[in-house]
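Open your viewer and get ready to select a few things in turn. We will begin at the ligand and then walk into the strands.

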Amino acid sequence: MKTKKTLKRILCCLLAACLLSAAAASAEGGTVYTIDNIREYVVGVDEPVTLADGTVRPVINFDNAATTPALKPVVDEVNEKLLTYGSIGRGYSPKSNISTEIYENTRGKVLSFVGLEPEGSAYTVFYVNNTTDGLNKLASALIGSPDDVVLAPRMEHHANDLSWRERCKVVYAEVDKQGRIIYEEIERLLKENPVKIVAVTAASNVTGYMPDVHRIAKMAHEHGAMIVVDGAQIVAHRAFSMLGATPEENIDFFVFSAHKMYSPYGGGAVVGLQEVLDKHQPKFYGGGTVELVLDTEVHYKSAPELYEAGSPNYPGVVGLGKAIDILREVGFDRIAEHEQKLVRRMVDGLKAIENVTVYGDTENLGERVGVVTFNTSDANSLELAEKMAEKAGTATRRGAFCAHPYVWRLLGYSDEEMADFEGCTDFKTPGMIRVSFGIYNTEEEIDEFLEILKKQIAEIKAHNEELDRKELWDDIMMPEY
Ligand SMILES: Cc1ncc(COP(=O)(O)O)c(C=O)c1O
């Protein structure tokens with residue numbers, strides 16, 4: 001009885017606290033952003049589009065892994081801060097001072113976003129155009145010779161593969177049939193090769209799978225290697241800390257894009273060890289990076305300026321800072337919980353459709369962010385994705401998602417088999433359909449999507465049977481596992 005009363009009291013206090021904070025926010029003219037109201041603050045979410053048959057309706061946007069729509073508070077913040085925009089770190093004017101201060105302070109916000117102290121930590125932040133740019137800048141600095149060895153799992157986005165592959169030797173760790181890391185493989189390769197850097201994603205853009213990057217960090221450090229983590233797909237989905245349970249588990253470098261976290265102004269960041277960055281230099285040169293240039297000598301600054309040649313992208317940095325604020329306000333626990341519901345509903349719904357295969361681990365869904373890829377043996381994936389977009393306004397992605405080697409593995413193709421498709425860009429090219437969720441997507445959208453999917457599969461199947469076209473997509477289907 002007493003416990004019940006205490007519980008009631010706690011609940012009342014919690015409710016009062018929530019109401020008070022909401023009241024305080026609205027008294028300030030502010031809004032409290034939550035997982036339940038965030039959809040109202042997504043730009044264009046209900047914007048109607050005209051479909052092929054003239055129907056007008058909003059898009060079901062399940063292409064958030066590619067890029068996310070803007071959040072209104074992010075747009076408002078950028079517009080407001082543009083009123084006092086001036087040159088960053090270069091001008092003598094009140095506006096320059098304001099902009100420079102915001103630009104510099106956002107570094108602290110980024111540090112704290114990835115679990116670090118905003119000041120006085122061993123890490124620094126340099127801004128980049130996006131993840132691809134960040135990984136290339138990092139690789140251009142850290143790779144000193146074509147003989148350097150990088151270790152990457154066969155699950156990486158091209159950004160975290162080609163940036164290294166084009167500069168040095170890369171040894172690849174195979175993944176299992178469901179596209180998961182084989183930790184023993186990483187250990188073996190670390191033992192057998194003089195690995196300088198382990199490059200791995202925190203969340204796959206194909207299966208949504210989240211490897212244990214802290215475990216990999218420990219393995220890398222024990223073998224004298226550093227670890228670079230591609231954070232593109234995790235930042236809008238899970239709280240991520242660069243610090244592990246022990247210092248050996250800490251991540252050395254973390255790279256991400258702002259446009260995947262509701263700030264579509266370009267921009268992103270690399271968070272990395274100051275000492276290491278200071279010892280290297282990216283192969284990008286220009287203004288802002290130097291202390292002094294003489295006829296015959298150049299004296300460079302240290303990181304982060306050394307890594308930021310040219311005029312900065314101020315809206316990108318302002319948008320990134322605000323997006324961090326909003327995501328943290330909504331709360332990553334709530335975001336993850338919501339996303340898990342969406343993933344479960346989609347995976348269950350897809351599995352219930354005859355002849356549909358869902359890729360990756362479909363049992364341990366807690367290990368994946370909101371990314372689900374699938375195929376059906378009843379319809380070609382390109383035709384299906386196109387028809388769904390055309391007839392019902394769905395936004396998905398179809399193909400190999402800039403992670404070709406990973407997708408070929410999941411589809412069951414060898415390199416030799418894939419080589420035959422060179423130059424082929426039509427529906428015969430192997431691929432999958434990907435749906436990926438944002439914080440604003442709803443279970444109703446999933447149900448509607450599944451209905452549209454079933455209808456379009458049935459229509460394509462019937463049409464193909466009529467035309468006896470089955471052989472056209474037969475050879476691109478994947479084996480069951
Ligand atoms: C896992 C992963 N890494 C890197 C990138 C590249 O990001 P960006 O295009 O912002 O450079 C993406 C983009 O989809 C991605 O999903």
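Predicted model: local features only at pLDDT ≥ 70, side-chain atom pairs only at ≥ 80, totals over all residues.

**First stop: the ligand**

Select the ligand and its surroundings: 14 residues surround it, and the closest are Thr 132, Asp 230, Gln 233, Ser 257 and Lys 260. Residues are numbered from 1 along each chain as its sequence is written, and side-chain values use heavy atoms, with hydrogens and water left out.

Colour the shell by type and you will find three nonpolar, nine polar and two charged residues; Gly is counted as polar, and Asp, Glu, Lys and Arg as charged.

Now show side chains. Thr 132 places a polar side-chain atom 2.5 Å from an oxygen atom of the ligand. For Gln 233, a side-chain N or O atom is 2.6 Å from a ligand oxygen. Ser 257 also has a polar side-chain atom 2.6 Å from an oxygen atom of the ligand. The protein buries 90% of the 390 Å² that the ligand exposes when taken alone, as computed by the Shrake-Rupley method with a 1.4 Å probe.

**Next stop: the strands**

Stay on Ser 257, which stands opposite Gly 268 in β10. Strand β9 (residues 253–257) pairs with β10 in the antiparallel sense over five bridges; pairing requires at least two DSSP bridges between strands.

Select β10 itself, residues 268–273: six of its six residues are buried, meaning under 20% relative accessible area. Finish at Val 125, opposite Val 271 in β10.

Terms used. Buried < 20%, exposed > 50% of the residue type's maximum accessible area, 1.4 Å probe, protein only. Helix = DSSP H or I, 4+ residues; strand = E, 2+ residues; numbered from the N terminus. Near = heavy atom within 4 Å. Polar contact = N/O pair within 3.5 Å; in protein donor to acceptor, adjacent residues only side chain to side chain.
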